[in-house]
Amino acid sequence: MTQADLAAIGDEAFKLYTRLWKEARVASTDDAGTSLSTQGFALGGALKHVSTRWEKQLNSLMDACALISNHMDFTKNAHQGDEHHIKRRVSSIHTLDAGFDEQYAPPGKSNAVYGPPKKKG
């Protein structure tokens with residue numbers, strides 16, 4: 001999975017969270033449910049129950065979207081830092097290895113890792 005893939009997943013989760021916030025929340029029906037219940041309609045209790053369940057399920061879904069979005073952002077940043085760290089380490093190890101590798105320069109020749117030969121004098 002690439003950095004772009006992680007970013008895309010996080011972006012889509014954030015977009016879904018935003019849409020749910022704008023479009024899925026409904027005005028509370030508790031007052032209507034209470035009014036129907038006091039008038040003797042069984043529908044009042046059912047309406048309150050559905051409203052409460054909807055709100056709980058919506059909150060759970062929105063929390064999951066926020067968690068996914070935040071986790072993808074964190075993962076993307078963490079892996080990006082890891083990649084830079086690994087590149088630096090591998091680069092320095094290669095330089096160090098070249099300095100100790102006798103096969104890096106032909107026998108009797110100076111190893112170029114150490115720079116041009118210094119004049120004796």
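The model is predicted, so local features need pLDDT of at least 70 and side-chain atom pairs count only at pLDDT 80 or more, while totals for chains, interfaces and linings use all residues. Residues are numbered from 1 along each chain as its sequence is written, and side-chain values use heavy atoms, with hydrogens and water left out. For the protein, the mean pLDDT is 80, and 79% of its residues reach 70 or more. Where pLDDT is low, the predicted coordinates should not be read in detail.

Two salt bridges are found in the whole structure; the term requires a side-chain nitrogen of Lys or Arg within 4 Å of a carboxyl oxygen of Asp or Glu. One joins Glu-12 and Lys-15, with an N to O distance of 3.3 Å. These two residues lie three apart in helix H1, which means a separation of about one helical turn. Glu-12 is partly exposed at 48% relative accessibility, and Lys-15 is also partly exposed, at 48%; this class lies between buried (under 20% relative accessible area) and exposed (over 50%), using a 1.4 Å probe and protein chains only.

Arg-19 and Glu-23 form a salt bridge at 3.0 Å, N to O. They are four residues apart in helix H1, so about one helical turn separates them.

Ser-69 belongs to helix H3 (residues 42–100) and is buried, with a relative accessible area of 7%. Leaving aside residues up to four places away in sequence, Ser-69 touches Gly-10, Ala-13 and Phe-14, where contact means heavy atoms within 4.5 Å.

Notes
pLDDT is the predictor's confidence in each residue, from 0 to 100.
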